[in-house]
Amino acid sequence: MTSPIKPDAAMEARIREIVQGMTIEQKIGQMTQADIRKITPDEVRRFYIGSVLNGGNTQPDNTRGASFAQWRAATRKYHDAALATDMTVKIPLIWGTDAVHGHGIVSGATAFPHNMGLGATHDAALVRQIGAATARQVRATGIDWVFAPTLAVVQNYRWGRSYESFSSDPAVVRELGTAYVEGLQGRLGSDASAIATAKHFIGDGGTDRGKDRGVNLSSHADLIAVHAQGYFGALDAGAQTVMASYSSTRDYGKMHGAGHLLTDVLKKRMGFDGFVVSDWNGIAEVPGCERDHCAAAINAGVDMVMVPEKWEKFIKKTARQVRMGDIPMARIDDAVTRILRVKMRAGLFERDPDAVVGDAGDLQARDLARRAVRESLVLLKNDDAALPLRRGAKILVVGKSANSLRNQSGGWTLNWQGMKNHNADFLTGDTILAGIREAAGAANVVLDKTASSAKVESFDAVVAVVGELPYAEMKGDIPFPETIAESRLFPEDLQVLRKVAGHGKPVITVLVSGRPLYANDLINLSDAFVAAWLPGTEGKGVADVLFRDARGAIAHDFHGRLAFQWPRTPCQSAFAKGDGEPLFALGYGLTYANPQTLARLDAPAAPGNCAQ
């Protein structure tokens, strides 16, 4: 495989001339990426810093809910500082951000469904449009580089980053990952383009028991056949950066130090000529390394080092390692060459950092996101045609997630884990409840979150919106031997369904979650059951499909199909390892046009843990 962007001889000559004129400190400065909380614009200037990022909890001026104007002012200051060094050739800054489902860190930006939901759409054209919309969002704030898409092929739902994956099927990950890169980068170097990151190389979705930063026990052949497929597609689409994984592989150890995979496989065999960036303090994962130095990672092929806090010590210690011969100068020159190549290809050398590209209006893509929500919903059960609901029906809405933009958006939204958010923190967006009120008429809808006071018999139907609370990496793991039973993790959801079931009124359950969960008991208490994943800020897309239109016709049928198998038992989390037949297979999804009745499911009490 070769890079789809052909080498430019004049560009390469220009890069060689710049690199030859740089000092060791200037070169290492280019290889350094610091978090804006820990570095000032003047320090970017003085230390020749090549990149900054805003971490998952970082916003300009250390202000939660920073305004669009604050984002624009901050990016301008840092970009201007990089061009104010004493170098003869001024090297522009590249700013990275975790816009993993839209520019979610920015107040007022539309948040799209997370990748797991997009996988259920099986719609590459839609994913391409979302990539392009995300590029417009980040470019409007003055940011050039997006740490997405995640190309993990999740093999165990215990992993707390499962929702960042498109599918457990490598072919789906490859197709949608390719589309996302095509949309995000567009015509590289244009005003509508942002730089993509294929991450996390390689095998992060297949760690033993789904442990974050764990060990992928796959053979080398399986790493390529399963876990590399998204990278083949993304690189063929022109992805310019690759982020190394925190995880380890059976044969090569920690990925940040796996030279065979980062250099021999990725750069040489796969022909990747962009640059490899480490993850947040990822070099510290390598044995013998710390957060402020790691010769082993650089020698293995990491080109840009994300040292968010200890960046100054990193520059000093790495310069010392080069002078001592621990890191060959040729490796440093190669890393800087790759970084400059990406910056030139992306048009950063020609770009005026003070020129405004877009405005606050570009943060919005609500119609597109609402469509994505509609297409992502998967109908798992619809007995006796409980759905669609008629407009004007009296609806009792229950469940903790019905009126929660926090819960429906999940992690990587306004902050890293997502748990600190309240509806008031979202400047735009609608809850699922708002969509139900719009469809049924506000006067016909009553919210009783815990089903503690309203009389079910007084309503035509009940809509229960339940599921997981927000989480991101590490904190989202379900550690073995805990079960993956939804009602064991969130017993309040089973309690609320028990209160509303059995009253002669149809119960429609909408499950908001970042992964498939064992839910037989919840499904049995429901007449209809919908997997809504993490739909993002446009909750009205859910009601679009649940309700008929004003004339009584089907407004929108269900299009979503499972991109992950659905567990049949509470301990069934790793189908690829012979974990038994799923309850619902890949590709499953009912429609209004294809009604089926689901037999009552076996639903014994979930075991205390999976080791019993």
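## Strand S3 and its partners

Two strands count as paired if DSSP finds at least two bridges between them. In this predicted model, strand S3 and strand S4 (residues 145-146) are joined by two bridges and run parallel; by that cut-off they therefore count as a pair. Within this pairing, Trp-145 of S4 is the residue opposite Gly-96.

S3 also has a parallel partner in strand S2 (residues 51-54), with four bridges linking the two. Follow the chain and you will find a right-handed β-α-β unit, made by S2, helix H4 (residues 68-82) and S3.

Are the faces of strand S3 (residues 94-97) covered or uncovered? Both are covered. Ile-94 and Gly-96 lie on one side, Trp-95 and Thr-97 lie on the other, and all four residues are buried.

## A look at Asn-415

Now for a residue in a loop: Asn-415 belongs to the stretch between helix H15 (405-409) and helix H16 (432-440). Is Asn-415 buried or exposed? Its relative accessible area is 6%, so Asn-415 is buried.

Which residues surround Asn-415 in the model? Leaving aside residues up to four places away in sequence, Asn-415 touches Gly-56, Asn-57, Arg-64, Ile-105, Lys-420 and Asn-421. With Asn-421 there is also a polar contact, side chain to side chain, at 2.9 Å.

Technical notes
Residues are numbered from 1 along each chain as its sequence is written. This is a predicted model: local features need pLDDT of at least 70, side-chain atom pairs count only at pLDDT 80 or more; totals for chains, interfaces and linings use all residues. Side-chain values use heavy atoms; hydrogens and water are left out. Buried means under 20% relative accessible area, exposed over 50%, partly exposed in between (1.4 Å probe, protein chains only). A polar contact is a pair of N or O atoms within 3.5 Å; within protein, one must be able to donate a hydrogen and the other to accept it, and residues adjacent in sequence count only if both atoms are side-chain atoms. Contact means heavy atoms within 4.5 Å. A crossover is right-handed if, with the strands pointing away from the viewer, the path from the first strand over the helix to the second runs clockwise.
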